[in-house]
Amino acid sequence: MLKAILSRIQQGYRTMRFPAGPPPALSDRFRGLPEIEASACPDDCRACLEACPTGAISRDADLRIGSGSAEAGLRIDLGRCLFCVDCEEACPRGAIAFTKDYRLAVRDRAALSIGQSKRELELARVLDRRLRRLFGRSLKLRVVSAGGCGACEADVNVLNTLAWDLGRFGIQYVASPRHADGLLVTGPVTKNMELALAKTYAAVPEPKIVIAVGSCAISGGPYIGSPEANGGASSLLPVDLFIPGCPPNPLTILDGLLRLTGRIKEKAARA
Amino acid sequence: MNRDDIPLAGLINGGAASLASVPSMSSERLAEVVCEGIGMGLRISAYFGATAADGGTELFAILADDERNKLYAGRARAEGKGFPSIAREHPQAQLFEREIAEQFGLAPEGHPWLKPVRRLQAGGFYRVEGEQVHEVAVGPVHAGVIEPGHFRFQCHGERVFHLEIALGYQHRGVEQALIGGPDRRSPHYAETAAGDATIAHATSYCQIVEALSKRRKSARAQAIGAIALELERLANHVGDLGAISGDVGFLPTASFCGRIRGEFLNMTALLCGNRFGRGLVLVGGLRYDLDEARAAELLERLDSGERDASVAIRLLWDTQSVMARLEDTGRISRDDAARLGLVGPAARASGLSRDIRSDQPTGIYRLTQMPVSTYDSGDVLGRAFVRWLEIQQSIAFIRELVVSLPSGDIRAAPGLPPAGLAPATLAVALNEGWRGEVCHVAITDADGAFSRYKIVDPSFHNWPALAYCLRDQEISDFPLCNKSFNLSYCGHDL
């Protein structure tokens, strides 16, 4: 007993102050929101498109770069992006750069497609009034791993540790869908998990929300096109919050959850 | 037959051999040779089917001789609808044979419990009949934040007669998707084969491609790669000791270790920006170097991680109520561990001296003496204590590597080989991931593309042991036993 108390003193107080204080420091090699530099891109270059493992980069053929339209040219779909920097390395002109901006969660799938203009990524809005009244201070989630590799699961789970202490926001992972206000889904949703996911969703009482964490759950990620998997949670369920990454950093996940529940409101400018 | 005249092709870990040099025999003969090999102390690292160039099916066996630091490869042409079962005599082959049956429609004749590995089926569970026997079904969706799997217990009161584990829910077609590669997506399949063992799988994949294209990482890249592999081990071992502590209701260590695990993950992020090591290991090198300032920072963080982890974990061994729950729970004897073909800390906890870093070392591990941490109790305590021994060892090893990092480039020749891989060749790469032996085997076609890519996660060897160790235990001990193995569902299901 005495040893337990002494060890408690030795370990110290470790819960971060975020979001009231600064976020925990990220690695200087952290790969967050990518930025595209329009002017650097010549018309005939396809290096990044060919390097991207998941086809996250597309190019609007009709709208030539340099034609003056800020929306023309390259787009990166953060829902497919693995943040692997294969494109950044393939680009001969340094037109793509991954910034340190960890804020990536959005409410609409379409908002994850980002272009060359410097406009803000439309970060997740708070739930509508009725849902916010219900879930804003108490959100119980049932986590379903449906083909996830264990990395998203691990960084979803880590929010429960004392460093992050998710419970202080009234957010909790619960053991039964009957006790839940929504699902948090990871993985591309394998064919073998389709039925289990549908049943779990059906068991959650209305009103309910769905959160897709990780590129697999958003688009299928590396498993896009696999005959054994679907294209993520949104191919089967209505998704209310998309948190990109492979896996997303816990800070990105927490930021998304807090924006959804209205605990972070500011619309930060792109880094 | 003795160890000097095993009629199979000899290989070294991380090496390649032309298909022509891998002896082909009848499936009866292959089964015979494998059985004899096991009798001599060899073990199955991989046993799988592959579609040959002419459309027929071939069986490939990779055996490991840990004492002699050697691997053996053999193959057999499958004629007709079946092949003789090795599992009849050697249980370590049973999942491999079930997988061959599922993937290639060949029946292992005499297999004691033939059923699918990944294809879901409604029934078919082993049942104990009797008035007072009841069945408990759990999953696929579990209570915690964990992957899906189905567990079927046959119980008498609290006592478990038998547990059967049915997996496959995480099957997303990894091996199938790798056929025709390597391409731009291939490394990402390796990295996500089992996400908490990203470095171990990515390293194995890269060694395969390196072996097939006659390239290798520089000594510096090998050393930094080893640091990443050991950090992966540290994060998971610390996390698991916390989880074990949580499952016996001892919250101090559970709380501390949950955080400390994150510190080790953040050290991996210090190396490469990602907590799981995504994007670090490349074919022929690494993406990121460990510069001096970063090395100093790593050592500093390692010190504080070690200090915190020691205090948290030693608390377990000093607390009698914890020890009473760990001792004698989920025991697996040394003989059973060998028969089941266990790998990793689970094997070492049952007294088997089995560690790729020492038995079949590649890269920087060839230049070091990695002591194998064993324990002889075979119970949850053993599996926990081996983790603690390995934590201390990994920290010491990382320190040693950091202060004596070889100089040179970390990335000699990145990207895909321009001329493709060696055609009609077989390559094998084993690495000691934190759960145990991660085995990748690739076979290339006449054009140098993968015609078969086999991944054996350590979980594939060890899942049956979890079921086995529950026999005659209380059902309430299941979570504790489960955590002591902490096996991967996605690594098994692929």
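Modeller: A salt bridge here is a side-chain nitrogen of Lys or Arg within 4 Å of a carboxyl oxygen of Asp or Glu. By that rule, the side chains of Asp291(B) and Arg29(A) form one, at 3.6 Å from N to O. The interface of chain B and chain A holds eight salt bridges. This is a predicted model, in which local features need pLDDT of at least 70 and side-chain atom pairs count only at pLDDT 80 or more, while totals for chains, interfaces and linings use all residues. Residues are numbered from 1 along each chain as its sequence is written, chains are lettered from A and ligands numbered from 1 in the order in which they are written, and side-chain values use heavy atoms, with hydrogens and water left out.

Between chain B and chain A there are also 38 residue pairs in polar contact, both residues at pLDDT 80 or more. A polar contact is a pair of N or O atoms within 3.5 Å; within protein, one must be able to donate a hydrogen and the other to accept it, and residues adjacent in sequence count only if both atoms are side-chain atoms. On the side of chain B that touches chain A, helices H4 (186-191), H7 (251-272) and H8 (292-317) each supply at least two residues; helices are DSSP runs of H or I, at least four residues, and strands are runs of E, at least two, numbered from the N terminus. H7(B) gives the most, 12 residues. In all, 57 residues of chain B are in contact (heavy atoms within 4.5 Å) with 59 residues of chain A. The two chains bury about 4600 Å² between them, 53% of it on carbon and sulfur atoms. Buried area is the accessible area (1.4 Å probe) that two parts lose on being put together, summed over both.

Within chain B, the domain assignment, automatic or from a database, gives domain 1 (3-109) and domain 2 (183-326 + 361-373 + 387-455). Their contact takes 22 residues from domain 1 and 18 residues from domain 2. These domains of chain B bury about 1600 Å² between them, 62% of it on carbon and sulfur atoms. Asn13(B), Leu19(B) and Phe48(B) supply 31% of the area that domain 1 buries against domain 2, more than any other three residues. Two salt bridges cross this interface, and Arg43(B) and Glu437(B) meet in a salt bridge at 2.6 Å, N to O.
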